[in-house]
Amino acid sequence: MNVKLVLGCVALLAAVSPVTIRFARILTAPPDTSQPVGVETSAVSSPPTSEPRSSEVEKTLQTGDCIRCNLSGANLSGNDLSRVNLTEADLSNANLSQTKLTNAILTGTLLNQANLERATLDGADLQGADLSGANLTEAQMMHVSMSRANLNGVNLHGAELRDADLSATQISQSDLSEASLYGAVLRDADLSGTNLSGSDLRYADLSNANLEGADLTNAQLEFATLPEGFNYEGTIIY
């Protein structure tokens with residue numbers, strides 16, 4: 001009796017099992033992908049991996065050549081960018097504090113409102129550059145070429161500008177107090193309303209410069225070439 005019962009159960013399971021397996025396969029079958037899903041491709045497009053400005057910063061650091069680059073607001077503080085070519089690049093509001101820009105090419109470059117505090121620009125070419133409102137406090141700028149540049153409202157307090165070419169430069173309403181302009185060329189420069197107190201202007205060429213309203217208190221003017229008819233009253237010559 002028991003053997004017959006067992007054999008009957010085995011036969012029943014063998015008959016039911018294929019149906020069960022087929023039913024399970026129906027439940028787990030993948031959906032039909034042949035039908036359109038109605039998803040627009042633009043909805044799943046990937047965002048760009050990096051901003052253009054970031055790639056231009058990287059290019060500047062790696063190659064030292066980024067002509068007409070958009071580097072506005074970039075942080076390049078403390079980097080060595082000696083001999084970099086940034087002709088006509090946009091570096092407005094950029095942070096270049098303590099950056100080394102020795103012999104850099106910055107002709108026509110936008111550096112307005114940039115932070116160049118204690119930066120080194122010895123021998124740099126800044127002809128026609130716009131540095132209006134920039135912070136150049138205690139910057140090192142010996143033998144720099146800045147003819148026809150815009151330096152209106154710039155802060156050059158304590159800067160080193162020995163033998164710099166500032167001819168025909170706009171430096172109105174700027175701070176050049178305690179700056180060294182020893183032997184600098186300032187022919188035809190607009191220095192109206194500029195603070196030159198305590199500055200070193202020995203051997204500087206100020207011929208035909210506009211010094212209207214400039215503060216020359218305690219400025220050193222020994223052997224300087226001053227504009228024709230310049231009023232020495234109130235100045236101290238060492």
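Visitor: What does the accessible surface of the protein chain come to, and what share belongs to carbon and sulfur atoms?

Guide: For the protein chain, the accessible surface is about 13,200 Å², with 51% belonging to carbon and sulfur atoms. Keep in mind that this is a predicted model. Buried residues account for 38% of the 238 residues in the chain.

Visitor: How should I read the confidence, then? What is the mean pLDDT of the protein chain?

Guide: The general idea goes like this: where pLDDT is low, the predicted coordinates should not be read in detail. Here the protein chain has a mean pLDDT of 83, and 75% of its residues reach 70 or more.

Visitor: Over which residues does pLDDT stay under 50?

Guide: One such stretch is residues 9-30, and the model gives that stretch zero contacts beyond four places in sequence.

Visitor: On to the fold. How many helices and strands are there in the protein chain?

Guide: The count is two helices and zero strands. As for contacts between residues at least 6 apart in sequence, 0% of them join residues at least 24 apart.

Visitor: Which members of the largest nonpolar core touch the most other members?

Guide: That core has 60 residues, and L126, L131 and M141 are the ones touching the most other members. Take L126: leaving aside residues up to four places away in sequence, its contacts include L106, L111, L121, V144 and A149. L131 and M141 are on the L126 contact list too.

Visitor: Now the disulfide. Which residues does it join?

Guide: In general, a disulfide is a covalent bond between the sulfur atoms of two cysteines. A search of the whole structure turns up one disulfide. It joins C66 to C69, with an S to S distance of 1.6 Å. Both of these cysteines are buried.

Visitor: Why is the disulfide of C66 and C69 called left-handed?

Guide: Look at the torsion about the S-S bond: for C66 and C69 it is about -80°, so the disulfide is left-handed.

Visitor: And how many salt bridges does a search of the whole structure find?

Guide: It finds four. The idea is to look for a side-chain nitrogen of Lys or Arg within 4 Å of a carboxyl oxygen of Asp or Glu. One of them pairs E88 with R68, where the closest N and O atoms are 3.0 Å apart. E88 and R68 both sit in the segment after helix 2 (52-63), 20 residues apart, and the pair links distant parts of the chain.

Visitor: What about D205: which residue does it form a salt bridge with?

Guide: Its partner is R187, with the closest N and O atoms 2.8 Å apart. D205 and R187 both lie in the segment after helix 2, so this pair ties together parts that are 18 residues apart in sequence. D205 counts as buried because its relative accessibility is 15%, while R187 is partly exposed with a relative accessible area of 38%.

Visitor: How far apart are the closest N and O atoms of D200 and R202?

Guide: They are 2.8 Å apart, and D200 and R202 form a salt bridge. D200 has 10% relative accessibility, so it is buried. R202 is at 25% and counts as partly exposed.

Terms used:
Residues are numbered from 1 along each chain as its sequence is written. This is a predicted model: local features need pLDDT of at least 70, side-chain atom pairs count only at pLDDT 80 or more; totals for chains, interfaces and linings use all residues. Side-chain values use heavy atoms; hydrogens and water are left out. Helices (H or I, at least four residues) and strands (E, at least two) are DSSP runs, numbered from the N terminus. Buried means under 20% relative accessible area, exposed over 50%, partly exposed in between (1.4 Å probe, protein chains only). A nonpolar core is a set of buried Ala, Val, Leu, Ile, Met, Phe, Trp, Tyr and Cys residues joined through side-chain atoms within 4.5 Å. Contact means heavy atoms within 4.5 Å. Accessible areas come from the Shrake-Rupley method with a 1.4 Å probe; for residues, only the protein chains shown count as cover. A disulfide is a pair of cysteine sulfur atoms within 2.5 Å. pLDDT is the predictor's confidence in each residue, from 0 to 100.
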